[in-house]
Amino acid sequence: MVEIISIVSTIISIIAVVYLVYIITTQTAKGLRTGFLLLAVGILISVVAHSLAELLERLGFLSSDLLIQIMPILVLTGSLVILAGAYTLYITFKKVSGEYKKE
């Protein structure tokens with residue numbers, strides 16, 4: 001049962017991130033695109049890679065010890081990329097609001 005849940009969660013997280021990247025690249029203004037893409041990549045690393053690694057452990061392709069070593073690295077890397085995206089968006093919003101205040 002847990003294997004099925006792991007497979008479903010991996011598939012859904014992949015679909016969600018692919019759809020998110022599609023929406024960002026087709027519907028977002030250029031100034032915001034980089035920040036949102038960094039957020040999407042951070043989610044990709046944190047959620048999708050985490051889910052995939054857990055699925056591989058459940059199916060016997062990874063040991064539990066290796067999984068325990070990989071998870072903090074994935075979460076840290078994803079969190080740093082999400083932080084970079086949030087900072088990029090902050091700078092972009094600050095520039096935009098500063099431009100409007102000058103007029």
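**Note on the predicted model: helices, a loop threonine and a surface patch**

1. Threonine 28 sits in the loop between helix 1 and helix 2. The model is a predicted one, and the points below should be read that way. Threonine 28 is buried, because its relative accessible area is 15% and the cut-off for buried is under 20%.

2. Threonine 28 has a polar contact to the backbone. Its side chain reaches the backbone oxygen of isoleucine 24 at 3.1 Å. Beyond neighbours within four places in sequence, threonine 28 is in contact with Ile23, Arg33 and Phe36. Isoleucine 24 itself is among the buried residues of helix 1.

3. Helix 1 covers residues 2-27, 26 residues in total.

4. Which residues of helix 1 are buried? They are Ser6, Thr10, Ser13, Val17 and Ile24. The buried residues of this helix pack against helix 2. Helix 2 runs over residues 30-58.

5. Serine 6 gives a detailed view of helix 1. It is placed in that helix. At a relative accessible area of 6%, serine 6 falls under the 20% limit and therefore counts as buried. Leaving out residues up to four places away in sequence, serine 6 touches Ser51, Glu54, Leu55 and Arg58.

6. Threonine 92 belongs to helix 3, which spans residues 64-102. Is threonine 92 buried or exposed? Its relative accessible area is 15%, so threonine 92 is buried. The side chain of threonine 92 reaches the backbone oxygen of threonine 88 at 2.9 Å.

7. Glycine 31 is 61 residues away in sequence, yet the two C-alpha atoms are separated by 6.8 Å. With neighbours within four places set aside, threonine 92 is in contact with Gly31 and Leu32.

8. Glutamine 69 is exposed because its relative accessible area is 54%, against a cut-off of over 50%.

9. What does a relative accessibility of 33% make alanine 84? It counts as partly exposed. The C-alpha atoms of alanine 84 and valine 18 are separated by 20 Å, and these residues are 66 apart along the chain.

10. Now the surface. Which residues form a nonpolar patch there? Leu52, Leu56, Leu59 and Phe61 do, and together they have about 370 Å² of accessible area. One of them, leucine 56, lies in helix 2. Leucine 56 has a relative accessible area of 30% and is therefore partly exposed.

Note on methods: Residues are numbered from 1 along each chain as its sequence is written. This is a predicted model: local features need pLDDT of at least 70, side-chain atom pairs count only at pLDDT 80 or more; totals for chains, interfaces and linings use all residues. Side-chain values use heavy atoms; hydrogens and water are left out. Helices (H or I, at least four residues) and strands (E, at least two) are DSSP runs, numbered from the N terminus. Buried means under 20% relative accessible area, exposed over 50%, partly exposed in between (1.4 Å probe, protein chains only). Contact means heavy atoms within 4.5 Å. A polar contact is a pair of N or O atoms within 3.5 Å; within protein, one must be able to donate a hydrogen and the other to accept it, and residues adjacent in sequence count only if both atoms are side-chain atoms. Patches are made of residues with over 30% relative accessible area and no salt bridge: like charges are joined within 9 Å, nonpolar side chains (Val, Leu, Ile, Met, Phe, Trp, Tyr) within 5 Å. Accessible areas come from the Shrake-Rupley method with a 1.4 Å probe; for residues, only the protein chains shown count as cover. A salt bridge is a side-chain nitrogen of Lys or Arg within 4 Å of a carboxyl oxygen of Asp or Glu. The expected span of a helix is 1.5 Å times one less than its number of residues.
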